[in-house]
Amino acid sequence: MVYSKINQVAHYVPKQLVTNDDLAKIMDTSHEWISSRTGIAERYISRNETTSDLAVRVAEQLLTKSGLEASAIDFIIVATISSDATMPSTAAKVQAALGAINAFAFDMTAACSGFVFALAVADKLISSGTYQKGVVIGAETLSKLLDWEDRTTAVLFGDGAGGVLLEASQDKHILAESLHTDGSRGQSLTSGQNSLKSPYSEFKSLNPCIQMDGRAIFDFAIRDVSKSISAIIEQSGLAKDELDYLLLHQANRRILDKMAQKIDFPREKFLENMMHYGNTSAASIPILLSEAVQNQKIKLDGSQHLLLSGFGGGLTWGSLIVKI
């Protein structure tokens, strides 16, 4: 049997740091208001880099760290809701920038679950035995999707990218998987809604900016995602104390607090960095993973078990238990 293994990780954020106090200068808010409700203190906002620019920086790091030539990569998947364009895909732009002439490339749109969904798909591609090496990246420039006069959403999000290099392995490293969608609740969190504009349509203008029913999303995370996490732990056959860390989508510190109580898990095992990056949607989990490896909290030596869990627009939610 052939399996996949995460061999390298990387992340990149724009240089422009925007604090809560900076936001208070342009909208009716304050550091205390934002921090007490979300745990967020600052975030990075792109001045001129696109989503593909951020993703390329991550992919370049992955190649440098691994010592691989771009031509050795078989596929590139970019999870994003803030692509540069509908076509070409962000992944195609990354493929071109790298010169990864042998790689096929495509984007995946599953919002804040995007990286987990993409990693699950990449695992299947490698496990098929057809492909040996793939790059999976979560990348976002959410700043272009925000209504900067709406303090309920503008204070939450940031820009950034993170990713992993997957390679074929004889040992199983993705130990359990659980992916879900409930489109009937999709209107709880929307962005990029397109209006009909043909000469034959009855034009109705839709709001293209991120819109969110915060209470509905909070309740969804605590109820549905918690249940899913408990189920996948049981499915994996691992005891709770065998999980070293839980890396959940970085949306809100209160969600992590409640989640720990709901699934009866030590809060200190929930890694977090939303205080420095805000909600970066599909990029949040790979940024968190890469930063934890950089800080030597997580080691890429096959000795640790991690639970990765994303949840958000769609509504989508998904978890993977990974040996890393």
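**Strands around β7**

I began with strand β1 (residues 3–12), which runs antiparallel to β7 and is joined to it by 9 bridges. I count two strands as paired if DSSP finds at least two bridges between them. Helices (H or I, at least four residues) and strands (E, at least two) are DSSP runs, numbered from the N terminus. The model is predicted, so I note the limits: local features need pLDDT of at least 70, side-chain atom pairs count only at pLDDT 80 or more, and totals for chains, interfaces and linings use all residues. Residues are numbered from 1 along each chain as its sequence is written, and side-chain values use heavy atoms, with hydrogens and water left out.

Next I checked β6 (residues 133–141), which pairs with β7 in the antiparallel sense over 9 bridges. There, Val135 has Leu165 of β7 as its bridge partner. I then asked how covered β7 is: 10 of its 11 residues are buried. Buried means under 20% relative accessible area, exposed over 50%, and partly exposed in between (1.4 Å probe, protein chains only).

**His173**

I moved to the loop between β7 (159–169) and β8 (174–181), where His173 is found. His173 has a relative accessible area of 7%, so it is buried. Not counting residues up to four places away in sequence, His173 touches Ser4, Lys5, Ile321, Val322 and Lys323. Contact means heavy atoms within 4.5 Å.

**Cores**

I searched for nonpolar cores, that is, sets of buried Ala, Val, Leu, Ile, Met, Phe, Trp, Tyr and Cys residues joined through side-chain atoms within 4.5 Å. The largest has 43 residues, and Ile229, Leu248, Phe270, Leu307 and Phe311 touch the most other members. At least two residues each come from α7 (214–236), β11 (245–248), α8 (253–262), β12 (305–312) and β13 (316–323). Helix α7 gives the most, with 9 residues. I also noted a second, separate core of 35 residues, which includes Ala79, Phe115, Leu119 and Leu288.

I listed the contacts of Leu307, leaving aside neighbours within four places in sequence; among them are Ile229, Leu248, Ser319 and Ile321.

**Cysteines**

I counted disulfides, taking a pair of cysteine sulfur atoms within 2.5 Å as the rule. The count is 0. Cys112 is in no disulfide, and the nearest cysteine sulfur, that of Cys209, is 16 Å away. Cys112 is buried, with a relative accessible area of 9%. Cys209 is buried too, at 18%.

**Aromatic rings**

I paired rings of Phe, Tyr and Trp (its six-membered ring) if their centres lie within 6.5 Å; planes under 30 degrees apart count as stacked, over 60 as edge-to-face and the rest as tilted. That gave 7 aromatic pairs. Phe104 and Phe106 are stacked, because their ring centres are 6.3 Å apart and their planes are at 5°. Phe104 is partly exposed at 30%, and Phe106 is partly exposed at 27%.

I then looked at Phe220 and Trp317, an edge-to-face pair with 5.3 Å centre to centre and 75° between the planes. Phe220 sits in helix α7 and Trp317 in strand β13, 97 residues apart, so I logged a link between distant parts of the chain. Both Phe220 and Trp317 are buried.

One aromatic cluster holds Phe75, Phe104, Phe106 and Tyr131. Last, I found Arg151 over the face of Trp33, at 4.4 Å from the ring centre. The rule asks for NZ of Lys or CZ of Arg within 6 Å of the ring centre and within 35 degrees of the ring normal.
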